[in-house]
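Me: I am new to reading structures. Can you take me through one, feature by feature?

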Amino acid sequence: MADSSSYQYDENSETFPFFLLTILLIVTVPWTLKVVYDLLFNNRVISLKESRLKLYGIDKETDKENQSNDLKKIKTLEKLYELQDSKKTDEFKKFESEFIAKQNTKSKTKQIIILTILWTFIAIIYKSINNNSKIFESGIAAFDPYEILGISFSSTEKEIKSAYRKLSVKFHPDKLPAGLNEAEKLSFEENFIRISKAYQALTDEVVKENYLKYGNPDGPQQLSQGIALPKFLIDNGFYSLLMIVAYMAIFMGVIPYFVSKWWSKSSQFNKQNVHVNTSSLIIEKVFNLKKGSVIDHITVLEWLSHAEEFKIICPELNSEDIFEVFMNHINRQPKQNSISEELKFKIIAKTHNLVKFTLVVASCFNHLELSIAIINTMKSLAQAINTNADKIKYELLQLPGVEKLPELDLSNSLNSIKNLEQFFMLEDDQKLKVAGIEQEDKKQFMTDLKTYTHTVPKLQVLQHKVKVQGQDYVSPGAIIHIELKVLLTGINWVSSQKNQFNQLFNAKEKLNNELEKYEAIEHLLDTHKKMTEQETLLPLVAPKFPVTKDLEYVVLMVGQGKVLQTPIFVNNLNWSDNLTGSNYEKFDKKNFKQLIDEQLKLNKPLQLNVDDISGMKTSYITIPCPTPAPEKPGSYSFKVYLDNTGMFGNDEFVNVSYRVLSEEEIQNVENINVQKRRLAGEIEEDPELSSDSESEEEEEDEKTDESDNNSEYSDINTDTDDE
Amino acid sequence: MSFNSTSDGFNGTESNSSQQASIKKISIFTPIIYVSLLLYSLIYLQKYVAKKKHAKSIETPSIFEDNYKSREIYYAIKESKFETSNGSNKIDDNLILSALIHRGASVIRYKIKLTETKQTFDILYKLGSMGEDFFERYEREFNLIELELQDCIKEYAMLTKSTNAQKYMEICQNACFNEAIKRRFAFYEAKLDHKLK
């Protein structure tokens, strides 16, 4: 067997260690660098506060220049956390800080141990290479004409010649010293050949070229292939068997094992990070839901209680126990003895992802009623409110420090206060009565309320339009999207003044040319860039929810009683200038309201002061439409639900109508546009700016007409109140 | 190990191996046996996998909540009839026919529901929200209702001795729609109660 082999083996361990060393170094060096880098720069022990700020895009260490800009933002966030923490139960607070600490300090000990082992291996291999004299011998044997002749690399031709002469005299076969045996004679001869070859390599053109090209004066050499393993491992019966077994174990055992383990783990959870069993269960439930059946948040919670995730977290609890945990949570019932607070913390925190997934499934099945029930479930869980139990007034339970609402006499006029908007219009003492706060706690409650109004935004839709990229009308079959202009104000702002605010902001934006930046090329190419450029929203004030939740708005598009597309979650809206700006406090909301009321009564054109809102900013929400505009010209509309996923009483519903123009109308619009452009072109030469203002006025008229016709705002609040 | 010596060694070994090459006679049956063994093992594996798959698919329930309950009702009635055919409590032919119509109606309901939700399932599958297993279950459902429908028609032919499957289908469809209307009505009442509560 040994003879039949045409391969060379690495008998002297000349190649194999290098091979091993290379592989080890390829893995170890970058890994070590990464770990060292992390240890040096990223392993600061981050405080709870800092890590929380980091979640909202503020890093105190890295952007020091921005700090002045962010200072107000940081203050608001800190206030928010302070308020939330003061209302949170001690257990949940403890678990949350543990949870955040765990996320931030990833344990490196395991990595360091593995790295140490790898470096030890490298050291051993390096040492064995150093000790292996064979490697150095073969290195010496390599052809180096300068070394053979004993000259330096920079020697001149003269020096080469003289060195060659000296050596050739010494080793010339004709001039061998007497009394040498055969072996010595042979070595002398070999040396002479080497010397003459070396000389030729440095002087003869052909040989020199051979040397430079192939590293050998004789020209190209036969390539030798070999196996970088010692021969005994392969040719010897026992070791070769061992080798085969090892190979088999690796390729048929170890690799398939890890791959299958990875595969089964990854196929256990779907793309939304929900266990496949749970996803099957939810899809099956939604699929089997009979059309028109009554669904509310209790139904959704019942479904969720069967989720596989909970069986993994707490195998000892059955679905009824889980359901009980849910119900106790939303009913704000005191602790039960049987289930630990830590488990409750985990169970309630886990619902976030599951409810969101259920909403996606429901919207895929176009189920509007179920979708709304699911959104309500999100709110119920976040605020620990059971809308069934606390009929009508449940919104007020979200106020900081309000655990339970007092029973007011039916005759009491305060009994009609049902939602947050009404609540914030009351006088301080009335607020106390409605919320059931004792007089001695008044001071605390009022400061909490003040923080609350600065940290909880309220979304108001100012303007809405169906748009086509690059043209100001909707042509048949065009790809359309909806653009909502929204304003985030404090929760205590009145929502009935949207029209006035809209006019104010339009005037302000025109005055300051604020919209010009949206005409840049990247905005024209990507309609949704506007939205993504906006600030990340601040976290949700929900002290009852175990972990800090992001404030998100969900956009549901509805047509003919059906959800048209999967929900869009919006988390980017400008808030900091509005909630923390200097004008926020100064702005007299009551005065503003009175002013508007008076002006409306007198039927005067509105006279508003743009300076009132100078520090504030509007935001945009752009929603891609599932289908292109209809082919037939006419009027159409979308209904858009804009719901806060974490709190009640902050939802909007808009009916966005649009007109698909016919061929003739399009022609007309194009003609008008061309005329306008022509006029604008003339104006550049014309010093008088009369016609420009005219055309702008026209545009404005068109816009206001449209918005007047189309906008029929109605709050979703009123709907729920009827129930 | 210098350059020279390497090439020498290589040359030497090569010449050795070329000298040793010799022709060995192999029986014609060797490849035949080899191929047949391979084929047999592949067929066996395929059969084994199919059997396992079949066993699994029998075990997994339908994605419909009531899991072909009307079929079970029908067979329960039918079997009890045959058992007591010589006894006094003979089951009315109309009863068994109505059970069959109910069964047919539910098959039609399944069919409508499956075709209605086809797009939804595709979207969910593409979103990566659905596990492979569930999607397979869903696709299996189409075959199941086809089989169920054939079985219904066969039973109908046996019961009424008529081969007019079209008429049976029409009756079932009407029954299905009537059931749907009834259910809707009940839900509206329930909703009203829910609101009044």
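Reply: Start with a helix pair. H4(B) and H5(B) are roughly antiparallel to each other, a label given to angles over 145 degrees; under 35 is roughly parallel, 65 to 115 roughly perpendicular and the rest oblique. The model is predicted: local features need pLDDT of at least 70, side-chain atom pairs count only at pLDDT 80 or more, and totals for chains, interfaces and linings use all residues. Residues are numbered from 1 along each chain as its sequence is written, while chains are lettered from A and ligands numbered from 1 in the order in which they are written.

Me: At what angle do H4 and H5 of chain B pack?

Reply: Axes are lines fitted to C-alpha atoms, for helices over the stretch in contact, and angles run from 0 to 180 degrees between N-to-C directions. Helices (H or I, at least four residues) and strands (E, at least two) are DSSP runs, numbered from the N terminus. Here, H4 (residues 93-127) and H5 (residues 132-160) of chain B pack at about 160°. Their axes are 10 Å apart.

Me: Which residues make the contact between H4(B) and H5(B)?

Reply: Two residues are in contact if their C-beta atoms, placed from the backbone, lie within 7 Å. H4(B) contributes residues including B:Ile96, B:Leu100 and B:Phe121. Among those from H5(B) are B:Phe135, B:Ile145 and B:Leu159. By class, the contact has 16 nonpolar, one polar and five charged residues. Ala, Val, Leu, Ile, Met, Phe, Trp, Tyr, Cys and Pro count as nonpolar; Asp, Glu, Lys and Arg as charged; the others, Gly among them, as polar.

Me: How many helices and strands are there in chain B?

Reply: Chain B has six helices and zero strands. Along the sequence the pattern reads α-α-α-α-α-α.

Me: How much of chain B is buried?

Reply: Count the other C-beta atoms within 10 Å of a residue's own, all placed from the backbone: 20 or more is buried, 12 or fewer exposed, in between partly exposed. In chain B, 14% of the 197 residues are buried.

Me: What should I know about phi?

Reply: Most residues other than glycine have a negative phi. B:Asn67 is not a glycine, yet its phi is positive, about 50°. B:Asn67 sits in the loop between helix H2 (29-59) and helix H3 (69-83) of chain B.

Me: Is B:Asn67 buried or exposed?

Reply: B:Asn67 counts as exposed, because it has 10 C-beta neighbours inside 10 Å. In chain A, A:Gln560 also has a positive phi, near 50°. A:Gln560 lies in the loop between strand S5 (553-559) and strand S6 (562-563).
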